[in-house]
Amino acid sequence: QLENIVTDNERYSQCKIYVKDIRAVDESLLNNGVVDIALIDAPGLNNDSLKTTAVFARQEEIDVVVFVVSAANHFTLSAKEFIFNAAREKAYIFMVVNGFDNIKDKKRCQEMILKQVAHLSPATFKESAELVHFVSSNAIPVVPAGITGGSGGVGGGGGSGPGFDGPNDDLDGDDDPAGKHGEPGSPADKGKGKGKEREMQQDFAELESSLRRFVLEKRARSKLAPAKTYLMNVLGDLHSLATVNKDVAQSELDRVMKELQDLEPVYEQSKKARTEASEGVEHTTEGTATEVYSHTRDTLNTTIGRVAERDLGVHYPGLLSVYQFAEDIKAAMLREISEVVNICEEHARGQTVQGFSGIRSLGLLHLGDGYTDLTFHSEKMFRRKKDALARQVDVEVEVWDFFDIASLWERQEKVAGTSMAVTVAGVV
C-alpha cells in the first residue's frame with residue numbers, strides 16, 4: 001500500500017517508514033550505534049516546490065541536504081535556484097546523480113555536472129570526492145514483498161538525528177517507471193553482466209559510506225560544539241594569562257639580568273679587593289704578632305738569664321741577716337724583670353697601633369667611603385685584672401737556695417778524682 005499512500009498526499013501530510021537494518025553498526029547508516037538518523041524525502045522540485053521549500057525551512061533540524069538529480073537532465077532552473085539558496089544555509093550539500101548507468105559518455109557527464117556544482121556550491125565542489133556521487137539505484141537489490149529482513153536501501157528511518165533526502169529535481173529521470181529498483185523489465189535484467197552490477201552496487205555503497213561519515217562527523221561536531229566552545233574559551237583565557245605572565249616574567253628577567261650585568265663588574269672588583277684586603281690584613285696581623293712575640297720572648301729570656309750578673313744594688317748585711325738579704329735579692333730581681341715586661345708591653349702596644357693603622361689604611365684603600373672606621377684604645381691594653389695576675393710571681397726562699405748543689409757535686413767529683421782520701425764531709 002506504500003505507493004497508494006504516497007500518491008494520496010492529500011490525506012497524509014507525512015509518511016514515516018521504519019526500516020529494520022540488520023547490518024553491523026559499523027556498516028549501517030540508520031542503526032550506527034552513535035545517533036539515530038532520519039531521512040526526510042521531499043516531493044521534488046518538479047512535483048511540488050512549495051512543499052520542498054517548506055521542508056527545507058526546517059533547516060535547523062537538518063544536518064545535511066541530499067540532493068538527487070537525474071544524470072540525463074542535469075540541473076534545471078528551479079534546481080539551480082534551490083541549490084544556490086541552500087548553499088547559503090549549508091556549506092556542504094550531498095549531490096547524488098542517479099541513473100548514471102544510462103549515460104554513454106560518462107566522463108563528459110561528470111565534467112558537466114561538477115562544473116555546475118562548482119558554480120552553485122564551491123564548498124561542495126572542493127570536497128566532490130566525498131560529496132558528489134554518480135550511482136544507479138536500479139542496481140540495488142530489494143527484498144520482494146512478504147519476505148522479512150534485507151538491506152536498508154535508501155529508504156527513511158526513525159530517529160532523532162534527521163537527514164534531508166532533499167529535493168529531487170527529477171528522481172526517476174528517463175528511467176522506465178516499471179523498471180525501478182530492479183523490478184521485472186528494468187535495464188538491470190537486460191543482459192548486463194554481473195561485473196557491471198557489482199560496480200554499480202559498489203558505487204552506491206561508497207555513497208552510503210560517505211553519507212554515514214559526513215552525518216556522524218557533523219552530528220558529533222554539533223553535539224560537541226558547546227564543549228568545544230567552552231574549552232576554546234578556557235584555552236583562550238589561559239593563553240592570554242600565559243602571554244601576560246610570560247611578558248611580565250620576561251620583563252622581570254630582563255631587568256634582573258641587566259642589574260646582574262651591571263653588578264658583575266662591581267662584584268668582581270669587590271671580590272678582588274676583598275682578597276687583597278684579606279691577604280693584607282692577614283699579613284699585617286701575622287707579621288705584627290710574630291715580631292712582638294719574638295721580641296718579647298728574646299728580651300725576657302735574655303733578661304732572666306743575665307739578671308744574676310747585674311749589680312742590683314743590694315748590700316750584704318752579714319750572716320745573721322742572710323734570709324733578709326735573700327728576700328731583698330729576690331725583690332730586686334723581680335723588679336728588674338718587671339721593668340723589662342713593661343718595656344715589652346710598650347713595644348707590643350706600639351706595634352699593635354702601627355698594625356691597626358695599616359689595616360685601617362687597607363680599608364680606606366679598598367672601600368673608600370664605605371669603610372666604617374673603628375676606634376682603638378691602645379692605652380687599655382694590658383690593663384685587665386688577669387694581666388695583673390699574670391705578672392705576679394710567688395717564690396719562697398728556702399734553705400737549699402743558699403747552697404749550689406750542682407756546683408758542689410762537680411767539685412766533689414773533681415776532688416775525688418785527685419785524691420780518694422778527701423771525704424765528702426771535707427768537700428762539704
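**Surface patches and salt bridges in a predicted model**

Ile-405 is found in helix H10, which spans residues 405-418; helices (H or I, at least four residues) and strands (E, at least two) are DSSP runs, numbered from the N terminus. The structure is a predicted model, in which local features need pLDDT of at least 70 and side-chain atom pairs count only at pLDDT 80 or more, while totals for chains, interfaces and linings use all residues. Residues are numbered from 1 along each chain as its sequence is written, and side-chain values use heavy atoms, with hydrogens and water left out.

Ile-405 is partly exposed, at a relative accessible area of 46%; here buried means under 20% relative accessible area, exposed over 50%, and partly exposed in between (1.4 Å probe, protein chains only). Together with Tyr-323, Val-399, Trp-400, Phe-402 and Phe-403, Ile-405 forms a nonpolar patch on the surface, with about 650 Å² of accessible area in total. Accessible areas come from the Shrake-Rupley method with a 1.4 Å probe, and for residues only the protein chains shown count as cover. Patches are made of residues with over 30% relative accessible area and no salt bridge, like charges being joined within 9 Å and nonpolar side chains (Val, Leu, Ile, Met, Phe, Trp, Tyr) within 5 Å.

A patch of negative charge on the surface is made up of Glu-276, Glu-279, Glu-282 and Glu-286. Lys and Arg count as positive and Asp and Glu as negative, whereas His and the chain ends are not counted; the place of a charge is taken as NZ of Lys, CZ of Arg, CG of Asp or CD of Glu.

Side chains of opposite charge can pair when their charged atoms come close. Seven salt bridges are present in the structure, each defined as a side-chain nitrogen of Lys or Arg within 4 Å of a carboxyl oxygen of Asp or Glu. One of them joins Glu-208 to Arg-23, with the closest N and O atoms 2.5 Å apart. This pair links distant parts of the chain, 185 residues apart: Glu-208 belongs to helix H7, and Arg-23 to the loop between helix H1 (2-7) and strand E1 (37-41). Glu-208 is buried, at 14% relative accessible area, whereas Arg-23 is partly exposed at 25%.

Helix H8 (residues 322-367) contains Lys-330 and Glu-327, which are separated by about one helical turn because they are three residues apart. Their side chains meet in a salt bridge at 3.3 Å, N to O. Both are partly exposed, Lys-330 at 22% relative accessibility and Glu-327 at 30%. A further salt bridge is formed by Arg-349 and Glu-346, whose closest N and O atoms are 2.7 Å apart. These two residues are likewise three residues apart in helix H8 and so separated by about one helical turn. Arg-349 is buried, at 9%, while Glu-346 is partly exposed, at 46%.

The loop between H7 and H8 includes Ala-308, which is exposed at 65% relative accessibility. Ala-308 and Met-333 are 25 residues apart in sequence, and their C-alpha atoms are 7.7 Å apart in space.

No disulfides are found in a search of the whole structure, a disulfide being a pair of cysteine sulfur atoms within 2.5 Å. Among the cysteines, Cys-109 is buried at 5% relative accessibility, and Cys-344 is buried at 3%.
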